[in-house]
Amino acid sequence: MNNAVIHLDSVSKIYGKEEAEVRALDSVSISIERGDFVAIIGASGSGKSTMMNIIGCLDGATEGTYHLDGIDTGTLDEYQLAQIRNRKIGFVFQNFNLIPRTRAVDNVSMPLAYAGVHRKERRERALEVLDSVGLAARADHKPSQLSGGQQQRVAIARALVTNPVLLLADEPTGALDTKSSHEILDLFESLHANGRTIVMITHESDVAARANRVVRFQDGHIIEDHRLRDVNAHPLATAVPL
């Protein structure tokens, strides 16, 4: 567990009681190493979304323990969990979740505002990370002035601006066309090549195949855990400097 960013030990998530009991997750144990790129895949109702919520500290386990970067999340109160989410996890969502009337640079800097970073430093760091995802020239554009692929790049920049230990992506290509999807997956591969730990939730096998490890869920259980490439291996010939 020493090099694990994520470590779940016999984690269950239970809804209801007795005859109405539903085990969305049932005694799941898994470790994800620092610097790995893991896809969690499964059909609707398989438990993958519940798994994402627990990994992202958006929900707690009913049973078992979850350590994020060595911290036992079950011992934290709501304020501490909010701090963990802001500082250690970068979230990327299917529908981007950008603030509509706010410029890209200000969308990206938002997590830094919550962390109490000074306005000038927030802007500098936001511009730097926008440049790293190829959108420096769009810093003053609002979401409505950007394509879907560009909006997702802004969302990825926002996820990276706090330099989190984990990038957690929920169906990141679900709202994109084929070309934009490939570009976003290329960007994830570049981020991984530069040492980022990435967990990507998806229901698409071709998207999951871009990761180094595929973990398949069914009925709240892990039914397959297949490593495609070594933790630090990546298919890109060159990495984008970040």
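Modeller: A pocket here is an open set of grid points with protein on both sides within 12 Å along at least five of seven lines. Keep that in mind for this predicted model.

Biologist: What volume does the largest pocket have?

Modeller: The general idea comes first. A probe the size of a water molecule, rolled over the atoms, shows where empty space is left. In this structure, the largest pocket has a volume of about 400 Å³.

Biologist: Which residues are closest to the centre of the largest pocket?

Modeller: The lining has 16 residues, and N86, F91, P111, Y114 and R158 are the closest to the centre. At least two lining residues come from each of α2, β6, α3 and α5.

Biologist: Which element gives the most to that lining?

Modeller: Helix α3 does, with four residues.

Biologist: Which residues of α3 are buried?

Modeller: Helix α3 spans residues 104-114, and its buried residues are A104, V105, N107, V108, S109, P111 and L112. The cover over them includes α2, α4 (119-132) and α5 (148-160). Just past the end of α3, G116 has a positive phi of about 80°.

Biologist: Take S109 in α3. Why does S109 count as buried?

Modeller: The cut-off is under 20% relative accessible area. S109 has 8%, so S109 is buried. Setting aside neighbours within four places in sequence, S109 contacts R122 and A126.

Biologist: Now the sheet. What is the strand order in the open sheet of six strands?

Modeller: Again, the general idea first. Strands of a sheet pair through backbone hydrogen bonds, in a parallel or an antiparallel sense. Here the order reads β6-β7-β8-β3-β9-β10, and the pairing is mixed.

Biologist: Why is one side of β6 and of β10 left without a neighbour in the sheet?

Modeller: Both are edge strands. β6 (89-92) and β10 (221-227) each have a single partner strand, so one side of each has no neighbour in the sheet. Ignoring direction, neighbouring strands of this sheet are turned by 15° against each other on average.

Biologist: How many bridges pair β3 with β8, and in which sense?

Modeller: Five bridges, parallel. β3 covers residues 37-41 and β8 covers residues 198-202.

Biologist: Which strands does helix α2 lie across?

Modeller: Helix α2 (residues 78-88) lies across β6 and β7 (166-170). Its angle to β6 is about 75°.

Biologist: L168 is found in β7. Is L168 buried or exposed?

Modeller: Buried, at 2% relative accessibility. Beyond four places in sequence, L168 touches M52, I55, G56, I89, G90, F91, V92 and V199. Look at V92 in particular. L168 and V92 lie 76 residues apart in sequence, yet their C-alpha atoms are 6.2 Å apart.

Biologist: Which strands form a hairpin?

Modeller: β1 and β2, with six residues between them. Strand β1 (residues 4-15) and strand β2 (residues 22-33) run antiparallel, joined by eight bridges. V11 has V28 in β2 as its bridge partner. In the turn, G16 takes a positive phi of about 75°.

Biologist: Where does pLDDT stay under 50?

Modeller: pLDDT is the predictor's confidence in each residue, from 0 to 100. The chain averages 93, and 95% of the residues score at least 70. Residues 237-242 stay under 50. For that stretch the model has eleven contacts beyond four places in sequence.

Definitions and conventions. Residues are numbered from 1 along each chain as its sequence is written. This is a predicted model: local features need pLDDT of at least 70, side-chain atom pairs count only at pLDDT 80 or more; totals for chains, interfaces and linings use all residues. Side-chain values use heavy atoms; hydrogens and water are left out. Contact means heavy atoms within 4.5 Å. Two strands pair if DSSP finds at least two bridges between them. Axes are lines fitted to C-alpha atoms, for helices over the stretch in contact, and angles run from 0 to 180 degrees between N-to-C directions. Buried means under 20% relative accessible area, exposed over 50%, partly exposed in between (1.4 Å probe, protein chains only). On a 1 Å grid over the protein atoms alone, a cavity is a set of points where a 1.4 Å probe fits but cannot get out, and a pocket is an open set with protein on both sides within 12 Å along at least five of seven lines; lining residues have an atom within 4 Å of a point. Grid points are joined across faces, edges and corners, and a volume is the space filled by probe spheres set on the points.
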